Amino acid sequence: MKSGRSIPGAYRAESALTVNGYSEKWLRQGFPWVYPNEVTAGRARPGELVRLLSPSGVVLGTALADDGWIAARRFRDDDGPLDAAFVRTRVEAAWALRNGVLPPETTAWRLVNAENDDLPGVRVDVWGTQVVITLDAAALSPLLDPLADAVEALLAPSAILLAWRPDPREKDRPTPPPRVLRGASEAEERVTERGVTFLVRPGAGKDVGLFPDMRDNRGWLAPHWRGRTLLNLFAHTGAFSVAAAKEGAETVTVDLSQGYLDRAAANFAANGLPPGELLAEDSFKALDRLRRQGRKFDRVLLDPPGHSHSKDGTWSGEQDYARLVAAALRVLPSGGWLIAASNLGSVSPHRFQGMLVNGARKADRRLRMVHDGSQPPDFPAALHFPEGRYLKFVVCAAD
Ligand SMILES: C[S@@+](CC[C@H](N)C(=O)[O-])C[C@H]1O[C@@H](n2cnc3c(N)ncnc32)[C@H](O)[C@@H]1O
């Protein structure tokens, strides 16, 4: 695939793609993607700048063409240039949205949230002194230098890294490893979230080790931990467990991966805390064993991935959630809290609630929502981009 053309001083589209009426309607509402079956005329190489035209020839914007499941990502709704000054303006607007809304003692946050900040396919994450630019596709490479320049001018980071976001819809596209674009990158960086320390690896692609989009949900829970027991399932590097232990909870932390649990232990240690129980196990198996042992927990937290495979079976966040809720309720006493999250964009908040209701029904219990959370302000969800609000985070008291 040819792409990677850099942006000269004034970079205007020479080619054009004509889209159908359906795409025109969405583009006019602010939706930034054109799908291949919506293009009715014109061709462009991936990474080529194109003008988008309505069926009647009206300019609908300027986009970068691609050859995957998206045919073009629109960056502006006129036919102006996509140059360094334009990219800098967008990054500065994203910074203005974050400035003053992050909690104190918080050094891991998102500067650019892709489509939701009018920079489709582009994420910029700050990990302490380092910054990672993550692109959805090689077709976005022309933006790299102007993005790095804008980030450097705003934040003067010690290193800027480039990572690629694998897309499950494009399994055949190779995802190159992350690399350092500028400066010198330390493999491990110490960041804080409301004063809680986490050790992250900015250059590790999807294994950085912290999900800052959960920050406000951890913040909401903070006053509710003292003297409670927490069973944290699908715990990854233990961020919820560490935040809970810091507030006085006793924790049992479960993840399939011993590697992630080793990192959880290091996160506990970084905060001067003992690690509690760490169990390298399938969450369903752990729930079954804990139930047979008669153990109960004041809070059970479920934050599974969309999909996973293990020797104990396959997990699907769409198919299996109700079964997981039912199993979790068997170790949750009456009055305990079920804390359930899903980051699947394909599952609406309404549908997610239905999954919880089904799970409760299977276990012959009832749930009452005491908190409905989502993403923090540095992960804004553009209302004209339905995929932008992906995170569901529901706290329910169980009867
Ligand atoms: C979305 S991450 C959880 C994020 C975590 N709650 C946090 O805030 O950092 C999903 C985790 O589930 C783990 N996992 C996947 N399938 C599992 C299973 N069947 N049982 C236990 N853990 C599993 C993965 O290893 C991964 O660490």
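Modeller: The account below begins with the ligand and then turns to the domains and to one residue.

This is a predicted model, in which local features need pLDDT of at least 70, side-chain atom pairs count only at pLDDT 80 or more, and totals for chains, interfaces and linings use all residues. Residues are numbered from 1 along each chain as its sequence is written, and side-chain values use heavy atoms, with hydrogens and water left out.

The ligand is surrounded by 15 residues, each with a heavy atom within 4 Å of it; the closest are His 236, Asp 255, Asp 282, Asp 303 and Ser 308. This shell comprises 7 nonpolar, 3 polar and 5 charged residues, where Ala, Val, Leu, Ile, Met, Phe, Trp, Tyr, Cys and Pro count as nonpolar, Asp, Glu, Lys and Arg as charged, and the others, Gly among them, as polar.

Polar contacts (pairs of N or O atoms within 3.5 Å) can be described individually. A nitrogen atom of the ligand lies 2.8 Å from a polar side-chain atom of Asp 282, and a ligand nitrogen is 2.8 Å from a side-chain N or O atom of Ser 308. For Arg 218, a polar side-chain atom is 3.4 Å from a ligand oxygen. Of the 610 Å² of accessible area that the ligand has on its own, the protein covers 92% (Shrake-Rupley method, 1.4 Å probe).

The domain assignment, automatic or from a database, gives domain 1 (15–76), domain 2 (84–191) and domain 3 (211–398). The C-alpha centres of domain 1 and domain 3 are 40 Å apart, and 7 residues of domain 1 are in contact with 4 residues of domain 3 (heavy atoms within 4.5 Å).

Asp 378 is in the loop between strand 21 (367–373) and strand 22 (392–398), strands being DSSP runs of E of at least two residues, numbered from the N terminus. Residues up to four places away in sequence aside, Asp 378 touches Arg 98, Leu 102, Trp 109, Arg 110, Asn 113 and Arg 215.

Terms used. Helices (H or I, at least four residues) and strands (E, at least two) are DSSP runs, numbered from the N terminus. A polar contact is a pair of N or O atoms within 3.5 Å; within protein, one must be able to donate a hydrogen and the other to accept it, and residues adjacent in sequence count only if both atoms are side-chain atoms.
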